[in-house]
Amino acid sequence: MDRISALRNVEEALSDFEAGESDLAATEQRVVTVLRTYATDFEGEGGLRAYQATGSGRAHGLVVVAESESDARERIADLLGERPDHIDADISPV
């Protein structure tokens, strides 16, 4: 899914919510689904791709966009306010 498609899908979800055709919980789920699909299908320019952390720590499940596994680990560490070498998770392309 490209960025324009993702934005259109989010806009459609918001329009349905505003028109009373969808409640907040359903709208949230639609938006999360669009974002998750966009992130996992991401093929950015300049070698960017989506990476996901898996493990038992706080990083588990986080998805970031980065140029490499080590850059992804650094981005995840920044999000969590930790040092990259303290992230107890495997980082792999999505």
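D23 sits in the loop between α1 and α2, where helices (H or I, at least four residues) and strands (E, at least two) are DSSP runs numbered from the N terminus. At 47% relative accessibility, D23 counts as partly exposed; on this scale buried means under 20% relative accessible area, exposed over 50%, and partly exposed in between, with a 1.4 Å probe and protein chains only. A polar atom of the D23 side chain lies 2.8 Å from the backbone nitrogen of A26.

Before going on, please note that this is a predicted model, in which local features need pLDDT of at least 70 and side-chain atom pairs count only at pLDDT 80 or more, while totals for chains, interfaces and linings use all residues. Residues are numbered from 1 along each chain as its sequence is written, and side-chain values use heavy atoms, with hydrogens and water left out.

**Around the loop**

S22 is also found in the loop between α1 (3-18) and α2 (24-40). With 14% relative accessibility, S22 counts as buried. Its side chain is joined to that of T27 by a polar contact of 3.2 Å. A polar contact here is a pair of N or O atoms within 3.5 Å; within protein, one must be able to donate a hydrogen and the other to accept it, and residues adjacent in sequence count only if both atoms are side-chain atoms.

What does S22 touch, not counting residues up to four places away in sequence? The list is D16, F17 and T27, with contact meaning heavy atoms within 4.5 Å.

F17 belongs to helix α1, whereas T27 belongs to helix α2. The two are 10 residues apart in sequence and 6.5 Å apart in space, C-alpha to C-alpha. Further pieces of this picture are the accessibilities, gathered here with that of T37, which also lies in helix α2.

| Residue | Relative accessibility | Class |
|---|---|---|
| F17 | 36% | partly exposed |
| T27 | 5% | buried |
| T37 | 27% | partly exposed |

T37 can also be set against D78: the pair is 41 residues apart in sequence and 23 Å apart in space, C-alpha to C-alpha.

**The whole chain**

Stepping back, the protein has three helices and three strands, and along the sequence they follow the pattern α-α-β-β-α-β. The radius of gyration is 16 Å, well over the 12 Å that the globule rule gives for 94 residues, so the protein is more spread out than a compact globule. That radius is taken over C-alpha atoms, and the rule is 2.2 Å times the number of residues to the power 0.38. Along the principal axes, the C-alpha atoms fill a box of roughly 50 × 30 × 15 Å.

How much of the protein is buried? Buried residues make up 24% of the 94 residues. Among contacts between residues at least 6 apart in sequence, 35% join residues at least 24 apart. The protein exposes about 6,300 Å², of which carbon and sulfur atoms supply 49%; these accessible areas come from the Shrake-Rupley method with a 1.4 Å probe, and for residues only the protein chains shown count as cover.

Finally, the charges: there are 9 positive and 20 negative side chains, and the centres of the two sets lie 4 Å apart. Lys and Arg count as positive and Asp and Glu as negative, while His and the chain ends are not counted. Each charge is placed at NZ of Lys, CZ of Arg, CG of Asp or CD of Glu.
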